[in-house]
Amino acid sequence: MTDAPNLTADLPVARPAGTVPPGAAETTLTLPPVPSGAFADAPAEGLAGLETRDVSAWFGSHKVLERVSLGMAAGEVTALIGPSGCGKSTYLRILNRMHEMVRGAALAGEVLLDGDDVYRPGRRPAEVRRRIGMVFQRPNPFPAMSIQDNVASGLKLAGIKVGKEEREHLVESSLRRAGLWDEVATRLHTPGGSLSGGQQQRLCIARSLAVSPDILLMDEPCSALDPTSTRRVEETIAELRGRLTIVIVTHNMQQAQRVSQSCAFFLATHDTPGRIVEAGPTEQLFGSPRDQRTADYVNGRFG
Ligand SMILES: Nc1ncnc2c1ncn2[C@@H]1O[C@H](COP(=O)(O)OP(=O)(O)OP(=O)(O)O)[C@@H](O)[C@H]1O
């Protein structure tokens, strides 16, 4: 594994994408390509990996991310860690084109889903978001809608039409994959809002899975949950590993170690945007970090 940011350290932004603020991307130059899978073992067959090259981000004139290059291997769980405000959630939202929904937001760089830039002109954001699903900090099912319809709503939102039988099959298989089926099989018609917080979060995972995404992004998915529900969601993540690619933002160092195979440590200072200080196998990042700042952070000495 390689420290991701060092590949292109101190080079100007390579390819402005979107509405980069004036003067932000001064130079255009050709960078040596980041070798595919440079940060991970060979990708699992049939699964898609994600890679970013020199991703920078702004809110208005405030630059919040600086040239983040990272490979997120197919079928693995990659954890993004770092102190509050270092840009982890912004980075996550860039991966499935949600960042551009914020007024005044801009970015530069490339996000490659199986080698294909999700910001390529002509590529539809809705299609990107179907392939790269997202689970948020707070469970957000439709509370009055039945459990079954909540799962199927993912299909509707993505504009996927299926027959009754296939719909039922998808609902069941998605709930099974999210580890919720046994708890709800006899009450699929009761409202999603009647479930516990942890069950609601797994319902949201099932809703995301119903459209068969390649990637699942999770933004602190357990921060609103009690320890038992947290453990259950972590088990679900473990079961999904190898079937799709997961990128999770977490403040919980134990959780990062429990669920992820790779880890990236982000850091910003009061006058510098967020960057990756160190990325690599989780075991190495926690067991023998190369950078003192990583060691200090994972050992709870700051942040
Ligand atoms: N919608 C927004 N408009 C303006 N600035 C924003 C917006 N969202 C985030 N920011 C700023 O971008 C920077 C990075 O925020 P971000 O939420 O990505 O960090 P984070 O590492 O995920 O933080 P946390 O761990 O607290 O969630 C912060 O300075 C934040 O204030």
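Select Leu112 and look across to β6: the bridge partner of Leu112 there is Asp117. You are looking at a predicted model, so read every stop on this tour as a prediction.

**Stop 1: around strand β5**

Now extend the selection to strand β5, residues 105–113. Strand β5 pairs with strand β6, residues 116–117, in the antiparallel sense over 2 bridges. Between β5 and β6 sit 2 residues, and the two strands form a hairpin. Click on Asp114 in that turn, and you will find a positive phi of about 50°.

How many of the 9 residues of β5 are buried? The count is 7, so β5 is mostly covered.

**Stop 2: the ligand**

The residues around the ligand are Phe59, Val64, Gly82, Ser84, Gly85, Cys86, Gly87, Lys88, Ser89, Thr90 and Val102. If you colour this shell by class, you get 4 nonpolar, 6 polar and 1 charged residues. Which element gives the largest share of the shell? Helix α1, residues 88–95, does, with 3 residues.

Stay with one member of the shell, Val64, which is in strand β3, residues 62–72. Val64 has 20 other C-beta atoms within 10 Å and is therefore buried. Leaving out residues up to four places away in sequence, Val64 touches Ala57, Trp58, Phe59, Gly87, Thr90, Pro273 and Gly274. Then try a distance from Val64 to Tyr91: they are 27 residues apart in sequence and 9.3 Å apart in space, C-alpha to C-alpha.

**Stop 3: two residues with positive phi**

Remain in strand β3 and move to Arg67. Its phi is near 50°, a positive value in a residue other than glycine. Is Arg67 buried or exposed? Arg67 counts as buried because it has 24 C-beta neighbours inside 10 Å.

For a second example, jump to Glu220 in the loop between β8 (215–219) and α7 (227–240). The phi of Glu220 is near 45°, also positive in a residue other than glycine. Glu220 has 20 C-beta neighbours inside 10 Å, so it counts as buried.

**Stop 4: strand β10 and the core**

Select strand β10, residues 262–269. Of its 8 residues, 7 are buried, so β10 is largely enclosed by the rest of the structure. Strand β4, residues 77–81, runs parallel to β10 and is joined to it by 4 bridges. Strand β11, residues 272–281, runs antiparallel to β10, with 7 bridges between them. β10 and β11 also form a hairpin with 2 residues between them.

Now show the largest nonpolar core, a set of 77 residues. Those with the most contacts inside this core are Leu80, Ala206, Leu217, Ile246, Val247 and Phe265. Strand β10 gives the most to the core, with 6 residues. In soluble globular proteins, nonpolar side chains tend to be buried together. Select Phe265 and, setting aside neighbours within four places in sequence, look for its contacts, among them Ile81, Gly82, Ile276 and Leu285.

**Stop 5: helix α3**

Pick helix α3, residues 147–157, where the buried residues are Ile147, Asn150, Val151, Ala152, Gly154 and Leu155. These pack against α4 (164–177), α5 (181–184) and α6 (197–209). Just after α3, click on Gly159 to find a positive phi of about 75°.

**Last stop: the whole chain**

Zoom out to the protein chain, which comes to 10 helices and 11 strands. Buried residues make up 47% of its 303 residues.

Finally, colour by pLDDT: the chain has a mean of 86, and 85% of its residues reach 70 or more. Over residues 1–43 the pLDDT is below 50, and this stretch has 85 contacts in the model beyond near neighbours in sequence. The model scores ipTM 0.98 and pTM 0.86.

Terms used. Residues numbered from 1 in each chain as written. Predicted model: local features only at pLDDT ≥ 70, side-chain atom pairs only at ≥ 80, totals over all residues. Near = placed C-beta within 6 Å. Nonpolar A, V, L, I, M, F, W, Y, C, P; charged D, E, K, R; others polar. pLDDT = per-residue confidence, 0-100. Contact = placed C-beta atoms within 7 Å. Buried ≥ 20, exposed ≤ 12 C-beta atoms within 10 Å, placed from the backbone. Pairing = 2+ DSSP bridges. Core = buried A, V, L, I, M, F, W, Y, C linked by C-beta atoms within 7 Å.
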